[in-house]
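Please consult the sequence and structure shown here.

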Amino acid sequence: MRSKWRKPKKIQSLFQNQTSTDSKENKAPSPKPEDVLLDDLNENITNLNSIYENCPDVIFHSFLIGGKEKAVLIYIEGLTDAEGINDTILSPLLKESGVQNSENTSSNLKQKISNSNISTVETYTDVIDQISSGNPVILIDQKGEGFSVGLAKWEKRAIEEPSAESVIRGPREGFIESIGVNIALLRRKIKSPKFKIKKMTIGRLTKTSVAVAYIDEVVDQNLITEVENRLNRIDVDGILESEYIEEFIEDNPYSPFPQVLNSERVDVISSYLLEGHVAIITDGTPFVLVAPTTFYSLMQASEDYYQRPIISTFIRWLRFLFIVISLLLPSLYVAVLSYHHEMVPTALLISMAASREPIPFPALIEAISMEIMFEILREAGIRLPKQMGAAVSIVGALVIGQAAVEAGIVSAPMVMVVAVTGIASFGIPRYNAGMALRLLRFPMLILAGTLGLLGIMLGVIMIVTHLCTLRSFGVPYLSPIAPMKGSEMKDVFFRLPRWAYSSRPHLTGDYNKYRQAPDQKPGPTHGGE
């Protein structure tokens, strides 16, 4: 339930009907009379003090401009550059002779304050927004308006390589939790003025800054409109991470497969922007969203494009093998042991039967219990401190696996199958895609344990059918395979040489098809001597 201000009465309704969509309209609505700053400085201070009651970090510093004119400086401790306040604002204004002409107040301040980012605020809402963003606000008696100075400064994490997307060759810079720094990192990669940013604020209480980034004349304008419309529909109290936004804008919220790609790497986001995608940057998180996305985008890693094409193609095929192993290997093992003994060579069948002789549980229960134990160890390794996590995961797996085999609870082949399956799931580049396969592994096991290979076929058909029905901002999830687009399959199963990518993939609507000149194949026949 939204809070309502009770005193003073003049600003009771200031925030009662405020929603996150107010700042998203093309034209700002006219301020309400009770929201407008008053000429009386003392009354403005009283109203703002009532709003920030029990907020000791909000500083109200009263002073006299030139020893004559009453003024107050308002800022939040920890969000504003305190040293800059003294040097940029207080020192020059205390020496100022006064602001004589109200019509030239802004220009007079800009002349005295050595900061180029000075803007006028006329409402209480503007004052709150500015000081919440770290910009101190100056209110002067009998002026009816205030001035914010761009002195926001808070502690930020250093730019470093993302631990979840490390590479052997390639850039090692990743996004941080500051939206301004993240936009600057993208701007450094894409220096063209066609790189555009549209900003908005989402969250009634958090007022989180969100930026939509794209390259003009490369992206389809209808895609930008659709992204903005979905963001504008979000009306919540707070946005703390980009995953909040992802859940509101995806096409099918009940699918286990991610329909919006996320990445911490600057080069990954830049490459998608150059292909005509849209990036959504959220303040307070290093994860930037990319829309639209496809299933095959989740199988690509940034290092694919920094190695020899033939090596990248081989690794990409290995990843598709990892998908099959991660999803189907335990199910196939259970189905063959339970229903299809004739498919196993006699020598291997005798060995497997001997290993299962002391096991009191059917293969299905054995596989599910081992999978659950493996997930417990994996989750424990993630949640524990970094120094202990790896040791607990490895030692726990070895000790528990060996003890379970010696106790006759599980068979040695089952331990090996579960271990290979878990290792294969680590080879999938996107963590959220691997999570989807880990989740689907359990219903596939149940189908295999009840219906055998027929159940596995049924499960695979259901998964493929579901993937065919998914869309990401109107783009088919299995594109360009379904529907088939032969000209755009250069970067699906194979990683062709860079000179072969003369055209961009077609996502939606109109787009800039060509991204490089044709006929750039190296060699004596093509420009070489």
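## Outward face of helix 15

The exposed residues Leu 454, Met 457, Ile 461, Met 462 and Thr 469 lie on the face of helix 15 turned away from its buried side. Exposed denotes over 50% relative accessible area, buried under 20%, and partly exposed in between (1.4 Å probe, protein chains only). Helices (H or I, at least four residues) and strands (E, at least two) are DSSP runs, numbered from the N terminus.

## Basis of the model

The model is predicted: local features need pLDDT of at least 70 and side-chain atom pairs pLDDT 80 or more, while totals for chains, interfaces and linings use all residues. Residues are numbered from 1 along each chain as its sequence is written, and side-chain values use heavy atoms, with hydrogens and water left out.

## Buried side of helix 15

Gly 455, Ile 456, Gly 459, Ile 463 and Leu 467 are the buried residues of helix 15. They cover an arc of only 110° around the axis, which puts them on the same side of helix 15; the arc is that of the directions from the helix axis to the C-beta atoms. These buried residues pack against helix 9 (309-339) and helix 14 (431-451), where contact means heavy atoms within 4.5 Å.

Five strands form an open sheet in the order 6-7-9-10-8, with antiparallel pairing; two strands pair if DSSP finds at least two bridges between them. Strand 6 (195-202) and strand 8 (261-263) are the edge strands, each pairing on one side only.

Strand 9 (residues 278-282) and strand 10 (residues 288-291) run antiparallel and are joined by three bridges. Ala 279 has Val 290 in strand 10 as its bridge partner.
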